[in-house]
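Dear colleague,

Please find the structure below, together with its sequence. My notes on what was found in it follow directly after.

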Amino acid sequence: PILLSILNQFPDLARVRLELARAYFLDENYTDARFHFELVKGGKDIPPEVVENIEIFLDAIRRHKNWSLSAGLNILPDSNVNQASGWEEECVTTPFGLLCRRLDDEKKSVGARFNATANHYLRFTRDFGLRSTVRFDMTEFGNRDYDDYTLSVASGPRYIFHFCEFSLHPTVEKRWMPGKQFNLAYGADLDAPKRLH
């Protein structure tokens, strides 16, 4: 609480923020520790040896964490939720003459999009383990005709290098549109995030 109160008044004090990040790290609060380490690393006039020390902590955080969770919620005002073309009708020429049908007008609506992702990291050795991911995406409007839900599950090997990691995940994804199963897809995700200096 003392370090936080100091940073509330003087947010640019890198030394205090570093001490707070280390305290979070020792308390195994890796999410907050990483947040404050990254803030210091991105600051002005940070000596190279400090950045190198921060990288050691960030690398240790990646190796220690068992779970990561993320979620988001967006409001979606849509002026053409039914994806109408804007034309009044479409026509086809046949041997019996011109056949036309009236097209839907553009429909406006306000919806919401929610997504959530959970990752679990199972370690077999210091550098090698298994990463499993569950992701849920939901887009919903007042009219169920335009709802879109996706659930995906993935699991595969994960290898940690210094400054980066590598994961390969066989993936199963199921999608519902609108309210009925739309498809079932299989694939693989390759994930290789790297921190840039």
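**The sheet**

Six strands form an open sheet in the order β1-β4-β5-β6-β7-β8, and their pairing is antiparallel. This is a predicted model, in which local features need pLDDT of at least 70 and side-chain atom pairs count only at pLDDT 80 or more, whereas totals for chains, interfaces and linings use all residues. Residues are numbered from 1 along each chain as its sequence is written, and side-chain values use heavy atoms, with hydrogens and water left out.

As to terms, helices (H or I, at least four residues) and strands (E, at least two) are DSSP runs numbered from the N terminus, and two strands pair if DSSP finds at least two bridges between them. In general, the strands of a sheet pair through backbone hydrogen bonds, either parallel or antiparallel.

The edges of the sheet are β1 (67-78) and β8 (181-191), each of which pairs on one side only. Neighbouring strands of the sheet are turned against each other by 10 degrees on average, direction ignored; axes are lines fitted to C-alpha atoms, for helices over the stretch in contact, and angles run from 0 to 180 degrees between N-to-C directions.

Strand β6 (residues 148-161) pairs with β7 (residues 164-176) in the antiparallel sense through ten bridges. Phe 161 has Cys 164 of β7 as its bridge partner, and Arg 158 stands opposite Ser 167 in β7. Strands β7 and β8 also run antiparallel, joined by ten bridges, with His 169 opposite Asp 189 in β8. These two strands, β7 and β8, form a hairpin with four residues between them, and Gly 179 in the turn has a positive phi of about 80 degrees.

**The helices**

Helix α4 (residues 48-64) lies across β4 (109-123), β6 and β7, and runs at about 120 degrees to β6. Contact here means heavy atoms within 4.5 Å.

How do the axes of α3 and α4 cross? The axis of α3 (residues 30-41) comes within 10 Å of that of α4, and the two cross at roughly 155 degrees. The helices α3 and α4 are therefore roughly antiparallel to each other (under 35 degrees counts as roughly parallel, over 145 as roughly antiparallel, 65 to 115 as roughly perpendicular and the rest as oblique). The crossing of α3 and α4 is left-handed, a term used if the near helix is turned anticlockwise from the far one by less than a right angle.

On the α3 side, the residues in contact include Tyr 30, Phe 37 and Lys 41, and on the α4 side they include Val 51, Phe 57 and His 64. By class, the contact of α3 with α4 has nine nonpolar, one polar and four charged residues (Ala, Val, Leu, Ile, Met, Phe, Trp, Tyr, Cys and Pro count as nonpolar, Asp, Glu, Lys and Arg as charged, and the others, Gly among them, as polar).

**Individual residues**

Asp 32 is found in helix α3 and is partly exposed, with a relative accessible area of 30% (buried is under 20%, exposed over 50% and partly exposed in between, with a 1.4 Å probe and protein chains only). The C-alpha atoms of Asp 32 and Arg 22 are separated by 9.9 Å, the two residues being ten apart along the chain.

Most residues other than glycine have a negative phi. Glu 28, in the loop between α2 (14-26) and α3, has a positive phi near 65 degrees and counts as exposed at 59% relative accessibility. Asp 45, in the loop between α3 and α4, has a positive phi near 55 degrees and counts as exposed at 77% relative accessibility.

Yours sincerely
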